[in-house]
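Colleague: I have not seen this one before. Could you take me through it step by step?

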Amino acid sequence: MSNNWRKYIFFIYLLLSIFLCSCNGSKANKQVDDDYSSADKLVSIAVEEKEEYLERIHIPVISSFYMKGVIDEKYTFTIRFTVDSGKVDGAYCYKGKEEWITIKGTIKGDNVRLEETIYNGQKSVYVSNGTYFDGKFDYDNGTIKGTWHSADGTRSLPFKIENYYNTGYPQF
């Protein structure tokens, strides 16, 4: 085969390679563009809509809080809890005490219910001891206000839980 034919075949091979790469490349670029546009759409959605979207596609929205509280303007405590798709797990401790009291509960919209729980070793579950907090979460001010109820039902006292810095959303 002559040297000219080899150059001619090489040139054709080169053109075909460039043509095939450019066709596949445009598909790959379109896919990347589509991925970025869907990400941009998610970013443009408001925070509440993002949380609803994540819950709809079964990705839990988890928030952790460390706050201070007071019952009846007398009994101060520190509280820490985690919210995962509306379910609350945490504990609180009265000032001057060392024992943390386990709490479990729910947050639905701005309604909060936190129940003191004890571990039932026979059933390997936490069960309510009857004491609970029932209140409203003010997301703008980062506070929860409501009524604390004793286990025997004889006492109902007002409570307030707030961000340590007294303003805005609670600390994560």
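Colleague: What does the accessible surface of the protein come to, and how much belongs to carbon and sulfur atoms?

Modeller: The accessible surface comes to about 12,300 Å², and 55% of that belongs to carbon and sulfur atoms. Such areas come from the Shrake-Rupley method with a 1.4 Å probe. Please note that this is a predicted model, in which local features need pLDDT of at least 70, side-chain atom pairs count only at pLDDT 80 or more, and totals for chains, interfaces and linings use all residues. Residues are numbered from 1 along each chain as its sequence is written, and side-chain values use heavy atoms, with hydrogens and water left out.

Colleague: How many helices and strands are there?

Modeller: The protein has two helices and eight strands, in the order α-α-β-β-β-β-β-β-β-β from the N terminus. Helices (H or I, at least four residues) and strands (E, at least two) are DSSP runs, numbered from the N terminus.

Colleague: Which side chains of strand E1 are buried?

Modeller: In E1 (residues 62–71), Ser 63, Phe 65, Met 67, Gly 69 and Ile 71 point to one face and are buried, meaning under 20% relative accessible area (1.4 Å probe, protein chains only).

Colleague: What stands opposite Ile 71?

Modeller: Phe 159 in E8 stands opposite Ile 71. E8 (residues 156–162) pairs with E1 in the antiparallel sense over four bridges.

Note on methods:
Buried means under 20% relative accessible area, exposed over 50%, partly exposed in between (1.4 Å probe, protein chains only). Two strands pair if DSSP finds at least two bridges between them.
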